[in-house]
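Hi,

Here is the structure I promised to pass on.

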Amino acid sequence: MSDSELGRKWDRCMADAVVKIGTGFGLGLVFSLTFFKRRMWPLAFGSGMGLGMAYSNCQHDFQAPYLLHGKYVKEQEQ
Amino acid sequence: PRPRVPGATRDVQGAPRAARDPARHKTGFLIKGSVAGGAVYLVYDQELLGPSDKSQAVLQRAEEVVPPAMYQLSQYVCEQTGLKMPQLPAPPKFNFHFRDTWNSGILTVMSALSVAPSKAREYSRDGWEYLKERIK
């Protein structure tokens, strides 16, 4: 694996971790406010789940170096 | 009557609050269910908990959309309230690219650590020779 590819994988991992932890925290916040009487455990549960999912994705990414990742390119309006 | 405890689901007579006003309780439950269901659907629709490629794309989209939206919101608030937002000075621009130099920085630090014992031995031997020369 070249250095640039390794750097891109780390970038992807960090972005994925930020999004997943944030999403888990957000969902935990919504459920804490709506159903669980503003307790703290849904936030911790959601954030932990997001962190675990991000870690699992990173692990698969680093252990399968031959899988190609696509890029999303915006369409240019002419 | 028993004292009122904050967060209790029963009133002082012991009846559940839901039994006192079932219509209001059902409406509240529907609203909460809708909000929670909407949040879950939003996460599913945007694939926020999906593969890492999609998460990276979502983050890039958010980086493009959020700052202009925040700026427009602040402009709207200033227009409506008549307040003036303080103009912050532009952040200083550095010509140092941290991400590009991180790898070479790590390599430099690690090579310095690996030669540190031999260099320390060499410098201490040179220092000892120098002291011996001075004492003679």
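In which helix of chain B is B:Leu113 found? B:Leu113 sits in helix α4 of chain B, which covers residues 98-135. Helices here are DSSP runs of H or I with at least four residues, strands are runs of E with at least two, and both are numbered from the N terminus.

Before the rest, some housekeeping. This is a predicted model, where local features need pLDDT of at least 70 and side-chain atom pairs count only at pLDDT 80 or more, while totals for chains, interfaces and linings use all residues. Residues are numbered from 1 along each chain as its sequence is written, chains are lettered from A and ligands numbered from 1 in the order in which they are written, and side-chain values use heavy atoms, with hydrogens and water left out.

Chain B

Chain B has four helices and zero strands, so its elements read α-α-α-α from the N terminus on. Its accessible surface comes to about 12,200 Å², and carbon and sulfur atoms account for 64% of that. Areas come from the Shrake-Rupley method with a 1.4 Å probe, and for residues only the protein chains shown count as cover. Of its 136 residues, 10% count as buried. Buried means under 20% relative accessible area, exposed means over 50%, and partly exposed is in between (1.4 Å probe, protein chains only). B:Cys78 counts as buried because its relative accessibility is 16%.

Surface patches

Back to B:Leu113: at 55% relative accessibility, this leucine counts as exposed. B:Leu113 belongs to a nonpolar surface patch together with B:Phe94, B:Phe96, B:Phe98, B:Trp102, B:Ile106, B:Val109 and B:Met110. Together these residues have about 930 Å² of accessible area. For a patch, residues need over 30% relative accessible area and no salt bridge; like charges are joined within 9 Å, and nonpolar side chains (Val, Leu, Ile, Met, Phe, Trp, Tyr) within 5 Å.

There is also a positive patch, and it draws on both chains: A:Lys37, A:Arg38, A:Arg39 and B:Lys32. Lys and Arg count as positive and Asp and Glu as negative, with His and the chain ends not counted. A charge is placed at NZ of Lys, CZ of Arg, CG of Asp or CD of Glu. A:Arg39 lies in the chain A loop between α1 (3-34) and α2 (41-63), and its relative accessible area of 49% is why A:Arg39 counts as partly exposed. A:Lys37 is in the loop between α1 and α2 of chain A and counts as exposed, at 53%.

Backbone

A:Lys37 has a phi near 55 degrees, a positive value in a residue other than glycine. The phi of B:Glu47 is likewise positive, near 55 degrees. B:Glu47 is in the loop between α2 (22-45) and α3 (52-81) of chain B. For context, most residues other than glycine have a negative phi.

The disulfide

How many disulfides does the structure hold over all chains? There is one, taking a disulfide as a pair of cysteine sulfur atoms within 2.5 Å. A:Cys13 and A:Cys58 form a disulfide with their sulfur atoms 2.3 Å apart. The pair links distant parts of the chain, with A:Cys13 in helix α1 and A:Cys58 in helix α2 of chain A, 45 residues apart. Both A:Cys13 and A:Cys58 are buried.

Salt bridges

In one of them, A:Asp61 pairs with A:Lys9, the closest N and O atoms being 3.5 Å apart. This pair also links distant parts of the chain: A:Asp61 is in helix α2 and A:Lys9 in helix α1 of chain A, 52 residues apart. A:Asp61 is buried, with a relative accessible area of 6%, and A:Lys9 is buried too, at 0%.

In chain B, B:Lys54 bridges to B:Glu47, with 3.0 Å between the closest N and O atoms. B:Lys54 counts as partly exposed at 26% relative accessibility, and B:Glu47 is partly exposed at 34%.

B:Glu129 and B:Lys132 also meet in a salt bridge (3.9 Å, N to O). Both lie in helix α4 of chain B, three residues apart, about one turn of the helix.

Cheers

Methods
Salt bridge = Lys/Arg side-chain N within 4 Å of Asp/Glu carboxyl O.
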